[in-house]
Amino acid sequence: MSRQSVAKAHQKIQELAWEPMYHQPVSQYGTDYTFRKAQKKDPLKQVLRSYFPMQEEKDHRVYGASDGAIRGNMFRQVQERWLEWQKLFLSIIPLPEISAARAMPLLFRNVPNPELHNGQAIQMIDEVRHSTIQQNLKRLYMNNYIDPAGFNSSLRNFQNDYCGTIGRQFAEGFITGDAITAASIYLTIVAETAFTNTLFVAMPAEAAANGDYLLPTVFHSVQSDESRHISNGYATLLMALADEGNHQLLERDLRYAWWNNHRVVDAAIGTFIEYGTKDRRKDRESYAEMWRRWIYDDYYRSYLVPLEKYGLVIPHDLIEEAWNQIWHKGYVHEVAQFFATGWLANYWRIDPMTDKDFEWFEYKYPGWYDRYGKWWEQYNRLSTPNGHHPIVAEDVDYQYPHRCWTCMVPCLVREDMVMAEVDGQWRTYCHEACRWTDVEAFRPTFQGRNTPNMGQLIGAREWETLYHGWNWADVVQDMGFVRDDGKTMVAQPHLNLDDPKKLWTLDHLRRMPNLQSPNVLLNQMTDEERAKFHADYIRGGPAGRPYRGE
Amino acid sequence: MGDKHRVRFEPVGIEIEVDEEQTVLRSASEQGLMLMHGCKEGQCAACKSFVLDGDDIELDRYSTFALPDYEKEEGFTLLCRAHVYEDVTIELLNFDEEMIRSGLPIQEAVAEVVSIDHVTHDLRHLVLRLIEPAEIMFFPGQYMDIKVPGTDETRSFSMANTSSKEDGRLEFVIKVYPDGLFSSFLDTTLGVGDRLDLTGPFGVFTLRDAPDKDLIFVGGGAGLAPILSLLRSMAERGIERKAVFYYGARTAKDLCFVAEIEALREKLPDFQFVPALSEPAEGGDWAGEVGFITDVLKRYEVDLKGAHAYLCGPPPMVEAAMPLLAQLGTPEKHIYYDKFTTTGGED
Amino acid sequence: MTTATERSVPKPVFTDAEAGAKEFPDSKARRFNYFTPQKRKQTHYEDVTVEVQPDPRHYLAQGWLYGFSDGKGGYPLDWTVLKAWGSDRPEPERGPGTGGQGYEWPAHGWHEFRDPNEEWELSLYRYNANVVRQLQANVDAAKQAKSFGQWNPNWVRFVQQNVGAWMHVDHGLGLYLFANANRRGPTNMHNTAIAVNSMHLIRAAQDLALYQLTLSEEVEGFDGSAHLETWNSDPAWQGVREIAERLTATDDWAEAVFAANVVFQPLVGELFRSQLVMQVAPRNGDFVTPTVVGAEEFDFSERDLRYTKAIFELLSNDREFAEHNSRIMNTWLADWTGQAVAAARAMQPLWSQPDAKPIRFEDALDRVKSRFAGIVEELSLDTPKELER
């Protein structure tokens with residue numbers, strides 16, 4: 001089809017829309033935003049007659065590359081350190097993708113512009129593509145990588161493990177609550193436009209550096225669909241901005257979405273990229289460097305800031321604070337350290353850091369060794385069973401953290417922890433912005449304005465609560481993270497598969513002290529104890545060091 | 001720095017200069033153009049565009065999922081990866097017309113007077129040359145605020161030319177009023193070589209992209225300037241939409257630029273020029289239309305449902321034209337005018 | 001002598017991280033172990049779809065994390081009144097020391113549904129890319145053979161008005177019924193099948209619209225906008241329009257899918273497409289329109305109807321709620337069939353518009369009624385008496 005006719009074709013399909021005369025389509029999702037009917041054009045003209053063949057062509061390339069990887073014995077060169085983290089990443093990501101598909105109908109009745117609905121329907125099916133193509137990649141890893149454990153139980157793991165839960169809010173944030181908050185601001189404006197850049201641009205490069213060239217193929221093919229989604233978000237945002245009554249809600253939602261994405265995505269992707277790689281060339285960009293370039297310079301300064309003159313209130317303070325967390329407060333390092341502390345509750349193996357890794361971290365993040373080096377040396381020392389417990393139950397100068405009720409990542413930057421009694425329960429938050437999200441944003445009124453359509457934070461948001469008082473062996477068995485001999489754990493704090501004696505089993509865990517829920521304990525304290533606990537907690541850190549008095 | 005080349009963006013008609021060493025996207029963003037983009041790494045395809053003219057373009061490394069070979073051969077390109085080595089014209093596929101224009105930086109500038117010509121008894125053709133900066137990007141149809149020296153007052157005037165690329169040139173058509181602040185200054189004080197302070201560009205009186213819509217221009221007096229700019233720009237860009245310019249004046253001596261407008265028909269095959277006089281001189285040799293320009297328009301047009309209309313001129317003319325156009329079917333949102341130009345002359 | 005500076009690139013390393021390189025617990029456990037396949041061996045389709053959408057009744061230990069303003073999160077089972085076995089069991093309560101175990105997989109009967117078309121991205125794009133390519137080849141061939149020139153004026157009018165009007169049905173149902181319902185089903189298998197159905201319809205709508213565009217360019221006097229007036233005010237189409245709008249106004253996702261694919265499509269869609277357009281077009285010298293309309297017919301009869309039957313057969317034979325479901329589905333049948341037959345009857349004037357006539361309207365209607373009755377029987381439901389109106 002000639003290019004000229006694309007515009008004509010796109011124009012013609014606009015004739016398909018009609019105003020109902022007899023019955024209004026069902027309206028199932030509410031929003032507190034208001035939209036005026038506007039003829040905002042669908043900025044990216046996509047007609048299915050060219051869309052389907054284009055996607056099929058991409059598929060040919062992806063599946064051809066998969067065949068090639070198998071034929072070329074790619075897995076003889078793949079770094080296990082890297083692929084183990086894919087057990088986490090690929091357990092999470094298909095749900096956010098499919099949830100994005102599910103989110104599209106939230107916009108139909110709320111954004112009165114039929115021309116945009118076409119773009120949303122195409123985004124819907126793009127997301128179905130992404131979800132299943134990623135499941136397929138995981139299946140391929142399971143079939144061809146040395147250790148299928150964790151891949152083979154992927155979706156069960158994802159759904160009952162606390163890391164999965166952290167990732168899952170990313171998905172559920174798209175599909176529930178105020179329709180515009182969820183499907184437009186959180187999903188397309190922030191998650192897709194800002195954060196998928198690091199996801200889908202940085203991850204493939206790192207995968208390739210670690211001998212995995214399948215992930216780059218799949219994720220580049222996924223990313224080439226993002227342009228449509230970015231356009232969808234932009235068009236809706238401009239429509240929302242046109243009504244001044246929305247500006248307050250936009251401000252609220254940008255704050256929430258920005259901060260939550262930072263907490264969740266930077267935790268996960270930052271860890272994969274910094275701690276999941278064997279590539280320690282000094283000129284390799286660190287996650288902080290990439291973040292600065294893509295998220296700060298590009299998304300913040302060239303996408304958001306120009307919208308300021310249209311009345312968009314940009315959370316400048318939180319954007320600076322996110323950078324502060326990544327650069328000065330070691331957010332990614334704190335998260336990686338926590339994942340490694342809790343390795344036994346997970347479903348992948350975490351490789352200890354070596355001198356070469358130490359050198360790189362110190363070069364990229366001056367002061368890293370003083371903060372984290374000692375702890376990682378301990379991790380290495382405790383990685384194979386030798387009469388001791390897993391690191392979480394050993395004295396390595398690390399205080400097991402409290403969970404953030406909102407983002408569900410623990411309160412790792414100790415000094416920022418905030419505590420509040422909310423809905424009859426004492427909760428901890430990793431940062432004031434997360435407290436604000438729970439206490440002020442996700443409520444039926446906001447700054448005196450009724451927001452009856454705003455969503456709620458629900459669920460058993462502290463994972464440890466479920467296992468309060470349990471023996472660790474029972475915890476791991478309950479979650480199902482056990483290999484087919486019935487006792488060897490899926491997770492291991494090292495990569496050595498040669499010697500069965502080096503693999504941790506449930507038996508090693510039986511001897512450990514029982515698991516305690518920090519939140520249950522917090523709620524059992526007297527007010528005085530709690531105040532003291534808080535005062536001490538925020539004097540702890542970095543690297544989880546407990547406060548030991550003056 | 002490498003050599004620079006012109007990049008013209010269609011259908012918005014914006015032109016920028018791009019250094020060979022910079023990508024088109026980067027260069028556009030430095031010059032205040034809001035182009036749609038995503039990853040800037042050649043992977044997401046949000047900036048995919050079509051090369052209408054020119055082919056000496058090199059791309060930095062990109063994903064073939066974002067730009068497969070067959071699309072590249074057809075002429076598609078990724079602006080975030082593209083370096084140009086000759087002048088090119090690029091069609092944007094993914095843009096928001098309002099937003100892209102909003103990106104033009106509003107600048108303070110100093111310019112000096114090149115010439116002041118009397119084109120009618122009360123219209124002056126003022127030509128300026130920018131000193132600092134040497135160039136200001138604006139869209140045909142936009143205006144600048146010019147400061148009246150020695151006061152804090154500014155007056156708004158539309159450019160009659162299409163770009164300041166050549167020599168920093170800005171052209172205006174200004175009506176002088178007997179006691180107007182700027183008028184008296186223009187006629188009595190201002191001379192070639194004098195400097196003026198300007199701010200801009202402003203305004204939304206710009207040509208909207210709608211290839212299948214006919215165009216109606218209605219103008220008179222100093223309102224000629226932005227319409228002239230739009231017409232000149234159409235001629236430069238080869239926009240062959242069906243267009244009629246209804247140019248109203250009181251007498252033959254109130255008309256100007258008529259020869260140039262007539263000549264535009266050579267470049268714009270579907271362009272019709274209808275000048276009309278409301279008070280032709282008795283016994284004069286005026287062979288054209290007679291009457292208020294709105295009455296003339298009413299005689300000529302029956303159905304303007306599919307048209308876009310651009311109005312600029314004295315307030316009574318604009319006020320009369322709006323309901324008439326609406327009555328003839330022009331959708332209200334497609335009647336374009338700049339508010340300042342309808343506030344009339346000077347206080 | 002100069003020393004070349006070494007290029008900074010990551011170096012490949014031999015890791016031998018290939019399957020089978022070592023033996024250890026789980027080293028041969030190479031299948032997804034969190035669901036029971038429908039047959040002995042799990043299919044590729046199952047691997048990429050099953051359990052992607054979680055369920056708090058089995059693995060989702062911490063429950064849904066975000067709720068609507070009423071506190072409901074995720075995919076509430078009561079978004080339809082139909083029930084699958086286990087639907088009434090309460091969600092496991094979570095609190096201090098409860099652990100994370102829910103019911104055993106599958107916690108309820110909804111998880112037993114598998115799309116017999118096994119649709120996922122690979123199949124979806126292959127199928128639809130083939131359809132659009134084939135259609136374009138057909139239309140291009142007809143253009144080159146100048147076959148549109150042979151249409152008589154009545155047939156031109158028929159196509160511009162009636163075939164043109166039908167695309168509104170496809171578009172409306174595709175977006176506001178099916179795409180909308182992809183948020184509402186209880187499992188990923190339901191919602192993926194429904195999303196695929198929506199793409200069939202949206203594609204079919206665009207196929208027809210672009211076909212109209214071609215005809216406007218190729219056929220002298222073809223009025224490309226005539227479909228609007230037909231759809232907006234032709235009495236023969238208002239019954240179709242009203243039922244199409246009512247379908248998009250149906251809150252219960254299962255009722256909407258059921259009414260569209262079990263009642264509306266067989267009684268009205270197939271009547272118009274198979275019994276009218278595809279029959280009468282060749283007699284009026286038109287060999288192209290049947291291929292365009294036929295592509296859509298194939299989508300429905302070979303794919304969309306098939307997954308729909310699989311969904312509702314399971315429910316009408318459910319081990320716990322067969323009677324409950326059948327009773328409700330029979331009510332739906334009674335409710336929707338009457339309106340569908342009325343809409344079909346209102347279209348009768350179309351049968352007399354072309355010069356060369358199709359089979360009699362009553363005969364055509366009888367054919368679709370008997371096909372409809374067959375579908376109802378396969379679902380173990382009762383043929384509604386409203387069919388005889």
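Predicted model: local features only at pLDDT ≥ 70, side-chain atom pairs only at ≥ 80, totals over all residues.
Chain B contains nine helices and 19 strands. Its C-alpha atoms occupy a box of roughly 70 × 50 × 30 Å along the principal axes. The radius of gyration of chain B is 22 Å, which agrees with the value near 20 Å that a compact globule of 347 residues would have. Of the 347 residues in chain B, 58% are buried. Among contacts in chain B with a separation of 6 or more, 69% are between residues 24 or more positions apart.

The accessible surface of chain B amounts to about 14800 Å². Carbon and sulfur atoms contribute 47% of that surface. The charged side chains of chain B comprise 33 positive and 62 negative groups.

One annotated region of chain B was taken from the UniProt record. An unreviewed UniProt entry lists residues 106-208 of chain B as "domain: FAD-binding FR-type". In the model, this span is 9% helix and 46% strand, and its end C-alpha atoms lie 21 Å apart.

Contacts between chains were also examined. Two pairs of chains are in contact, and of these, chains A and C share the most contacts. Chain B and chain C, by comparison, do not touch. The nearest C-alpha atoms of chain B and chain C are 14 Å apart.

Key. Residues numbered from 1 in each chain as written. Chains lettered and ligands numbered in written order. Heavy atoms only, no water. Helix = DSSP H or I, 4+ residues; strand = E, 2+ residues; numbered from the N terminus. Rg over C-alpha atoms; globule rule 2.2 N^0.38 Å. Buried < 20%, exposed > 50% of the residue type's maximum accessible area, 1.4 Å probe, protein only. Contact = heavy atoms within 4.5 Å. Areas by Shrake-Rupley, 256 points an atom, 1.4 Å probe, with all protein chains shown as cover. Lys, Arg positive; Asp, Glu negative; His and termini not counted. Charge placed at Lys NZ, Arg CZ, Asp CG, Glu CD. UniProt positions renumbered as here; feature names shortened; annotations may be inferred.
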